[in-house]
Amino acid sequence: MSNKVTAVGGTFRYGGVDYKAADGAYEFQVFDEDTTYSSELRGDINRDGDYKDSFGVLYRKSDHRIWVDADLDRTFGDGDVVEPYAKSGKFAAFGQDDPDTAVAESMPFTVEYRDDVDLSPRGGTSAGKRADFVNIGIVAGSHATHVSGIATGNGLFGGRMNGAAPGAQIVSERVCLFASGCTSYALAEGMIDAVVNQYVDVVNLSIGGLPALNDGNNVRAVLYNRLIDDYGVQIVSSAGNDGPGMNTVADPAVSDQMLAVGASVSKDTWWADYDSRVTARQSLFSYSARGPREDGGMKPEVVAPGAAVASIPTWMPGEGVPEAGYELPAGYGMFNGTSRWRRHRPRASSRCSCRPRPPPARR
């Protein structure tokens, strides 16, 4: 939010465009929806069929008031105020839903703010500078939603299905950007925040890749091992989908203390999901990563069902598998992969304790 604007007489001008707002000093920026083009959104935030809209965002630092011009009327009034989700649990939406369609056209979003962020890590001319940020949080794809539904879905398909722990609470840490992928910095800081600040008891990390030396001996692996040992949490990671060769379990699943999960498939699942008859009662999916790791360490520790029907964002049409012979409604998809582990029979009593946890004793 580096642009300072002042509204005088109920208006201010930015980039050749006139906006309306109460008199006062603000910080202002525009959120261009085409920045999300590389995601499953294809740049269309408000689901109106194009990717050319720019949404104004107004921020008043004195009281942390945030306005988002989601309706594109260039007016910031009481109806455009969005309260930070961490404090209010509230969200707003881009676009309008059409009740006559199965897909939800409106796009929910949340906001958060961070003041006086040190820009020195950027290097160059940013050294010693600080800036304020307003973050707009949107669901840009189906992967994390699908995994979350398998783990903690509650009342899916009109109440007929649940995930493995339908009473658990979810804490989401975004570590991947729309276009440039996932960053090592976010994978480190996001995990620290989840465990140390948010008191998460069980962490699922369905991200990984194969490094040149795949022995679980790197800075990030050491960090994850320390979080597990010092805070008593369990971090579970997908083994990866680079099988069936040996030494294909992905980093960070190869870390000593992390629980790496491969993907299995049953005879019944082959028939129900893919209309295929097989002889083996249970087997590994061919893509599921195998061990051992580079130094001989045994990975993965466990395998679990790697194909599932679960939730995807409600703005997406149903994503079924043609071979199954049936379609899925909007907001549900059928995927496979080592990210998609689940229990056969969910226990309704499974719950996240979500209680504050004291810091570890100093060594």
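How many aromatic pairs does the structure hold? The count is 18. The model is predicted. Notes follow.

1. **Aromatic pair Y19–F28.** Y19 and F28 form a tilted pair. Their ring centres are 5.0 Å apart, and the planes make an angle of 55°. Y19 is buried, and F28 is buried as well. The two rings also belong to a cluster: ring pairs link F12, Y14, Y19, F28 and F76.

2. **Aromatic pair F31–F55.** This pair is tilted too, with 6.5 Å centre to centre and 40° between the planes. F31 sits in strand β4 (residues 24–32) and F55 in strand β5 (residues 54–60), so the pair ties together parts that are 24 residues apart in sequence. F31 and F55 are both buried.

3. **Charges over rings.** Two arginines deserve a look in the viewer. R42 lies over the face of Y37, 4.2 Å from the ring centre. R277 lies over the face of W271, at 4.0 Å from the ring centre.

4. **Open sheet.** Three strands make up an open sheet, ordered β7-β8-β9, with antiparallel pairing. Its edge strands are β7 (92–94) and β9 (130–138), each of which pairs on one side only. Neighbouring strands here are turned by 45° against each other on average, direction ignored.

5. **The β7–β8 pairing.** Strand β8 covers residues 107–118 and pairs with β7 in the antiparallel sense over 3 bridges. A92 stands opposite F109 of β8. Strands of a sheet pair through backbone hydrogen bonds, in a parallel or an antiparallel way.

6. **Largest nonpolar core.** Which residues have the most contacts inside the largest nonpolar core? They are I45, I66, V68, F94, F109, I136 and I138, in a core of 23 residues. Elements that give two or more residues to this core are β5, β6 (65–68), β8 and β9. β8 gives the most, with 4 residues. In soluble globular proteins, nonpolar side chains tend to be buried together.

7. **I136 as a contact point.** Setting aside neighbours within four places in sequence, I136 is in contact with F31, V57, F94, F109, T110 and V111. F31 is the residue that pairs with F55. F109 is the residue opposite A92. F94 and F109 are among the residues with the most contacts inside the largest core, as is I136.

How values were computed: Residues numbered from 1 in each chain as written. Predicted model: local features only at pLDDT ≥ 70, side-chain atom pairs only at ≥ 80, totals over all residues. Heavy atoms only, no water. Pairing = 2+ DSSP bridges. Axes fitted to C-alpha atoms, helices over the stretch in contact; angles between N-to-C directions. Phe/Tyr/Trp six-rings, centres within 6.5 Å; stacked < 30°, edge-to-face > 60°. Buried < 20%, exposed > 50% of the residue type's maximum accessible area, 1.4 Å probe, protein only. Lys NZ or Arg CZ within 6 Å of the ring centre and 35° of its normal. Core = buried A, V, L, I, M, F, W, Y, C linked by side-chain atoms within 4.5 Å. Contact = heavy atoms within 4.5 Å.
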